[in-house]
Amino acid sequence: MNQPENDAVFLRTFSALLGALILESDNDKPILTDSERQLLFDWSIRYLKEEKDFRGYVTNKGWAHSVAHGSDFLGATLSHHDFKPKSVSAIFEVITSIFQN
């Protein structure tokens, strides 16, 4: 995710939104294995940690929503009943870095 501002932001951000939707669905009725679920938990933290393109609206393209969809993904992780509190410190680090940007 160490790319300059370009259209790849749309793939990343809407993939993050999809991750949030999958976790929310899994929280209601389990559809993931434990390892798949943990992978999504890890990705939700990594996404916001590594995303560098924080544009909101991209002229002539639409809304990129990198922070919003990343936050949705992170929120789905935090609210999932299988999320372990040991990772909360990593989430607070990510939130701090987003506010610093």
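Start with helix α1 and select its buried residues, where buried means under 20% relative accessible area with a 1.4 Å probe and protein chains only. These residues pack against α2, β1, β2 (62-63) and α3, with contact meaning heavy atoms within 4.5 Å. To highlight them, pick Val9, Phe10, Arg12, Thr13, Ala16, Gly19, Ala20, Leu23 and Asp26. You're looking at a predicted model, in which local features need pLDDT of at least 70, side-chain atom pairs count only at pLDDT 80 or more, and totals for chains, interfaces and linings use all residues. Residues are numbered from 1 along each chain as its sequence is written, and side-chain values use heavy atoms, leaving out hydrogens and water.

Now show the whole of α1, residues 8-28. Helices (H or I, at least four residues) and strands (E, at least two) are DSSP runs numbered from the N terminus. From first C-alpha to last, the 21 residues of α1 reach 31 Å, close to the 30 Å expected at 1.5 Å a residue. That expected span is 1.5 Å times one less than the number of residues.

Next, click on Asp53, in the loop between α2 and β1 (57-58). Is Asp53 buried or exposed? Its relative accessibility is 1%, so Asp53 counts as buried. Show the side chains here and you'll find a polar contact of 2.7 Å joining Asp53 and Arg55. A polar contact is a pair of N or O atoms within 3.5 Å; within protein, one must be able to donate a hydrogen and the other to accept it, and residues adjacent in sequence count only if both atoms are side-chain atoms. Leaving aside neighbours within four places in sequence, Asp53 is in contact with Glu5, Asn6, Val9, Arg12 and Ser66.

Hop over to Ser44 in helix α2. With 0% relative accessibility, Ser44 counts as buried. Which side chain does the side chain of Ser44 join in a polar contact of 2.7 Å? It's the side chain of Thr77. A polar atom of the Ser44 side chain also lies 2.7 Å from the backbone oxygen of Phe41. Beyond four places in sequence, the contacts of Ser44 are Phe73, Leu74 and Thr77.

Time for some rings. A pair of aromatic rings is described by the distance of the centres and the angle of the planes. Rings of Phe, Tyr and Trp (its six-membered ring) pair if their centres lie within 6.5 Å; planes under 30 degrees apart count as stacked, over 60 as edge-to-face and the rest as tilted. How many aromatic pairs does this rule give? The count comes to two.

- Select Phe41 and Phe83: their ring centres are 5.5 Å apart and their planes sit at 90°, so this pair is edge-to-face. Phe41 lies in α2 (residues 34-50) and Phe83 in the loop between α3 (66-79) and α4 (88-100), so the pair ties together parts 42 residues apart in sequence. Phe41 is buried at 3% relative accessible area, and Phe83 counts as buried at 11%.
- Select Tyr57 and Trp63: with centres 5.2 Å apart and planes at 70°, the pair is edge-to-face. Tyr57 is partly exposed at 48%, a label for values between the buried cut-off and the exposed one, which is over 50%.

Last stop: two loop residues. Asn60, in the loop between β1 and β2, has a positive phi near 65° although it isn't a glycine. Asn60 is exposed, at 75% relative accessible area. Then find His65 in the loop between β2 and α3. His65 isn't a glycine either, and its phi is positive, about 55°. His65 is partly exposed at 28%.
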